Amino acid sequence: MGEPIEPVGEVLVLGQSRAWPTIAIPGAFVGTLVLVGVLFDRVSWAGLLLGTASIVLAFTRWRNAVLADDIGLLVRGRAGLRRSYAWADIERMGWVDAGMWRGMWGSTLTVYPRGGPYDVPGPNSSVNVGGIWRPAHRHLADPMPALLETHGIKTLSDD
């Protein structure tokens, strides 16, 4: 367990957290609440608490990433790099938005592993592999479709 995990072969970044939007949006919200509190002598403690909690959460998850190498999926989080599922063990996978407004609150890589019909997790029961704060619009090419086709994995919408 204490051994560091090393990627094998080419490493692709499937998704990586971006800190600035997840800090800037709650930061602007908290700043506005403080300004309103100073100007009108009225403070929303619940709003300040939620905004501060969002900023702390963003700082703890700003290095999260989901990577892919020749063996399978890798997840980088607070505890470091860990191996998740091998390609041969995955039946379906894809990104699921974690909240409203097209994933403003982040996305989760959802995997349906191979197995029997009653296995949990299994082909009828998903597991969330890694969560990231992902931008709504991607400017780079998405490596996921080519990766799924290479390893014979279905998308979440395939039957």
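Visitor: In which strand is T110 found?
Guide: This is a predicted model, in which local features need pLDDT of at least 70 and side-chain atom pairs count only at pLDDT 80 or more, while totals for chains, interfaces and linings use all residues. Residues are numbered from 1 along each chain as its sequence is written, and side-chain values use heavy atoms, with hydrogens and water left out. Strands (E, at least two residues) and helices (H or I, at least four) are DSSP runs numbered from the N terminus. T110 falls within residues 107-113, which make up strand β6.

Visitor: Is T110 buried or exposed?
Guide: Buried means under 20% relative accessible area, exposed over 50%, and partly exposed in between (1.4 Å probe, protein chains only). T110 has 5% relative accessibility, so T110 counts as buried.

Visitor: With which side chain does the side chain of T110 make a polar contact?
Guide: A polar contact is a pair of N or O atoms within 3.5 Å; within protein, one must be able to donate a hydrogen and the other to accept it, and residues adjacent in sequence count only if both atoms are side-chain atoms. At 3.2 Å, the partner of T110 is the side chain of N128.

Visitor: What is the bridge partner of V111 in β7?
Guide: β6 and β7 run antiparallel and are joined by five bridges. In β7, V111 is partnered by V127.

Visitor: Which residue in β3 stands opposite L67?
Guide: An open sheet of four strands, antiparallel in its pairing, has the order β1-β2-β3-β4. Within that sheet, β2 (residues 65-68) and β3 (residues 72-77) pair over four bridges. Opposite L67 stands L74.

Visitor: What accessible area do L35, V36, L39 and F40 have together?
Guide: Areas come from the Shrake-Rupley method with a 1.4 Å probe, and for residues only the protein chains shown count as cover. V36, in helix α1 (residues 19-40), is partly exposed at 34% relative accessibility. Together the four residues form a nonpolar surface patch of about 430 Å².

Notes
Patch = residues over 30% accessible without salt bridge, like charges linked within 9 Å, V, L, I, M, F, W, Y side chains within 5 Å. Salt bridge = Lys/Arg side-chain N within 4 Å of Asp/Glu carboxyl O. Pairing = 2+ DSSP bridges.
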